Amino acid sequence: MVDFAYTIAGSEATGGAGFQVDLKTFQQLGVYGMGTLTCIVSFDPAHDWAHRFVPIDPQVIRDQIEATLAAQAINTVKIGMLGHPDTIDAVADGLASQPWRNIVVDPVLICKGQEPGAALDTDTALRAKILPLATVATPNHFEALTLSGMDELSTVEDLGEAAKRISDQGPRYVVVKGGIDFPGPDAVDVLWDGEEITTFKVPKIGEERVSGAGCTLAAAITAELAKGKDIHAAVQTAKDMVTTGIEARVSANTPFDTVWQGAYTPRD
Ligand code: PXL
């Protein structure tokens, strides 16, 4: 029997983030991917790869969610980039239309290369309407700082404290991705499961940002939860997939190399 995973996310046309990454990750992990587009991001090669952002009409988002949920009994969804308060309303309504086993929220506040604080009303709506619905949240370093209200995240204890504070806002499980912004030689992620902190650590592969690492991690957690894995096993598989995907990264003319999900072979 096939397991289904659903992504509600934005398109990033070069394949280095968002919807494209989610579907590649789902496929590689052996789950049937379904998806609803929230926005279209087209980098601008003539202007330093700046983000050109177009939101999808909220009614079209509602229609996509309606079609997807009518087609299959789906219990696991990943929420990626939303980008506009009207999008957030459409997605919150869609989520409220049925019960879910797993709602994985990757709280995309800004993309790489964007200015922090570019869209404060969107961030506020995300925190008010989407984060409380999450069963799992996967903030990166910047998002964890913003959502926890902490001044710095420079130790594993800080990452754990941020995860707990974010969990207080709704999500049962919080995975904070330390990434390249976390000081030291290791790429550190922590999982707060409501009772304890688990640390996932591998040596950093280079000191450069790689596009798609965060999306891949959250999508892989989603796929594994869809298969019925528990959160600890899901995060471990996701971490292994991201590490392998960064080792095999694809270079591009964009400012960042991108993760290659196809390099990872699932163990089961
Ligand atoms: O990495 C965050 C992200 C998510 N989704 C889309 C994006 C980006 C960053 O560029 O474009 C669609």
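Reader: Which residue in E4 is the bridge partner of Thr7?

Author: This is a predicted model. Strand E1 covers residues 4–12, and three bridges join E1 to E4, the two running parallel. In E4, Thr7 has as its bridge partner Lys78.

Reader: And in E5, what is the bridge partner of Thr76?

Author: Strand E5 spans residues 102–105 and runs parallel to E4, with four bridges between them. For Thr76, the bridge partner in E5 is Asn102.

Reader: Are the side faces of E4 covered or open?

Author: In a regular strand the side chains alternate between the two faces of the sheet. In strand E4, residues 76–79, Thr76 and Lys78 lie on one side, and Val77 and Ile79 on the other. These four residues are all buried, and both faces are therefore covered, where buried means under 20% relative accessible area.

Reader: In what order do the strands of the open sheet follow one another, and which are the edge strands?

Author: Nine strands form this sheet, with mixed pairing, in the order E3-E2-E1-E4-E5-E6-E7-E8-E9. An edge strand pairs on one side only, and the edge strands here are E3 (50–55) and E9 (197–203).

Reader: Which residue in E3 does Phe43 stand opposite?

Author: Strand E2, residues 32–44, is joined to E3 by six bridges, and the two run antiparallel. The residue in E3 that stands opposite Phe43 is His51.

Reader: Where is Asp48, and is it buried or exposed?

Author: Asp48 sits in the loop between E2 and E3. Its phi is near 60°, a positive value in a residue other than glycine. With a relative accessibility of 69%, above the 50% cut-off, Asp48 counts as exposed.

Reader: What is the relative accessible area of Trp49?

Author: Trp49 lies in the loop between E2 and E3. Trp49 is not a glycine, yet has a positive phi of about 60°. Trp49 is partly exposed, because its relative accessible area is 24%.

Reader: Which residues does Ser167 touch, leaving out those up to four places away in sequence?

Author: Ser167 is in helix H6, residues 156–167, and counts as buried at 15% relative accessibility. From Leu131, Ser167 is 36 residues away in sequence and 9.3 Å away in space, C-alpha to C-alpha. With residues up to four places away not counted, Ser167 touches Arg172, Val174 and Trp192.

Reader: How many disulfides are found in the whole structure?

Author: A disulfide is a covalent bond between the sulfur atoms of two cysteines. Cys39 counts as buried at 0% relative accessibility, and Cys215 counts as buried at 15%. The number of disulfides found in the whole structure is zero.

Reader: What is the radius of gyration of the chain?

Author: The chain contains eight helices and 11 strands, and 50% of its 268 residues count as buried. Its C-alpha trace spans about 45 × 45 × 40 Å along the principal axes. A compact globule of 268 residues would have a radius of gyration near 18 Å, which agrees with the value for the chain, 17 Å.

Conventions. Residues are numbered from 1 along each chain as its sequence is written. This is a predicted model: local features need pLDDT of at least 70, side-chain atom pairs count only at pLDDT 80 or more; totals for chains, interfaces and linings use all residues. Side-chain values use heavy atoms; hydrogens and water are left out. Buried means under 20% relative accessible area, exposed over 50%, partly exposed in between (1.4 Å probe, protein chains only). Two strands pair if DSSP finds at least two bridges between them. The radius of gyration is taken over C-alpha atoms; the globule rule is 2.2 Å times the number of residues to the power 0.38. A disulfide is a pair of cysteine sulfur atoms within 2.5 Å. Contact means heavy atoms within 4.5 Å.
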